[in-house]
Amino acid sequence: MTKLSWNSFYQTGVEIIDKEHQKMFEIVNDILTKVDEGVDKTQIQEVWNQLVSITESHFLHEEKMMVEHRYPDVSEHEVEHENLLSELKEIQFRYPMDQITLNEHLIEVLKKWLFTHILNSDIKFTDFLNLETEEKQS
Ligand SMILES: [Fe+2]
Ligand SMILES: [Fe+2]
């Protein structure tokens, strides 16, 4: 399956957020590689669990920053996080019971969802944050 490659479009300019996003890219790529290699299902579950936990803590970080900086669109952004996380958790729950296969289509939908969120909603927030930093410096 096609791997994700990190490029400057995903760069938000906020170091901690970029680091966490890059980590999420790595984990998604790890899942894709393991699915391609047809490794044991439990190994894929382990990486999926990692994806869920890192995504969860990343979302909390972002939400904390939004509240601290009084970002006006925080609730809208939180709803997107909730939806995304519940999709990841549903797979985490259903995959071990063979109710779901990690096929190309499913992975594509997830990749799109996850990374569309970065390109739209996260960048919208970090633009706000970066502008605030610039204003403070000038
Ligand atoms: Fe976000
Ligand atoms: Fe994010």
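This is a predicted model: local features need pLDDT of at least 70, side-chain atom pairs count only at pLDDT 80 or more; totals for chains, interfaces and linings use all residues.
Let us begin with the overall layout. The chain contains four helices and zero strands, and from the N terminus on its elements run α-α-α-α. Taken along the principal axes, the C-alpha atoms fill a box of roughly 55 × 25 × 20 Å. Of the 138 residues, 9% count as buried. Among contacts in the chain with a separation of 6 or more, 68% link residues 24 or more positions apart.

As a general point, an α-helix has 3.6 residues a turn, so residues three or four places apart point the same way.

The pairing of helix 2 (residues 41-68) with helix 3 (residues 74-94) can be described in some detail. Their axes lie 10 Å apart and the two helices pack at an angle of about 170 degrees. Angles over 145 degrees count as roughly antiparallel, and helix 2 and helix 3 are therefore roughly antiparallel to each other. On the helix 2 side, the contact is made by W48, N49, L51, V52, T55, E56, F59, E63, M66 and V67. Helix 3 contributes V74, H77, E78, H81, L85, L88, K89, I91 and Q92.

R70 has a positive phi of about 50 degrees although it is not a glycine, and its place is in the loop between helix 2 and helix 3. Is R70 buried or exposed? There are 9 other C-beta atoms within 10 Å of R70, and this residue is therefore exposed. D98 likewise is a residue other than glycine with a positive phi, in this case near 60 degrees. D98 sits in the loop between helix 3 and helix 4. Because D98 has 8 C-beta neighbours inside 10 Å, it counts as exposed.

Attention now turns to the last element. Helix 4 (residues 104-137) has 34 residues and reaches 47 Å from its first C-alpha to its last, close to the 50 Å expected at 1.5 Å a residue. Along the way, helix 4 bends by about 35 degrees at I123.

F125 is also found in helix 4. With 22 other C-beta atoms within 10 Å, F125 is buried. Which residues does F125 touch, not counting residues up to four places away in sequence? They are M66, Y71 and H77. F125 and K19 are 106 residues apart along the chain, and their C-alpha atoms are separated by 16 Å.

Note on methods
Residues are numbered from 1 along each chain as its sequence is written. Chains are lettered from A and ligands numbered from 1 in the order in which they are written. The expected span of a helix is 1.5 Å times one less than its number of residues. The bend at a residue is the angle between axes fitted to the seven residues ending there and the seven starting there. Axes are lines fitted to C-alpha atoms, for helices over the stretch in contact, and angles run from 0 to 180 degrees between N-to-C directions. Angles under 35 degrees count as roughly parallel, over 145 as roughly antiparallel, 65 to 115 as roughly perpendicular and the rest as oblique. Two residues are in contact if their C-beta atoms, placed from the backbone, lie within 7 Å. A residue is buried if 20 or more other C-beta atoms lie within 10 Å of its own, exposed if 12 or fewer, and partly exposed in between; C-beta atoms are placed from the backbone.
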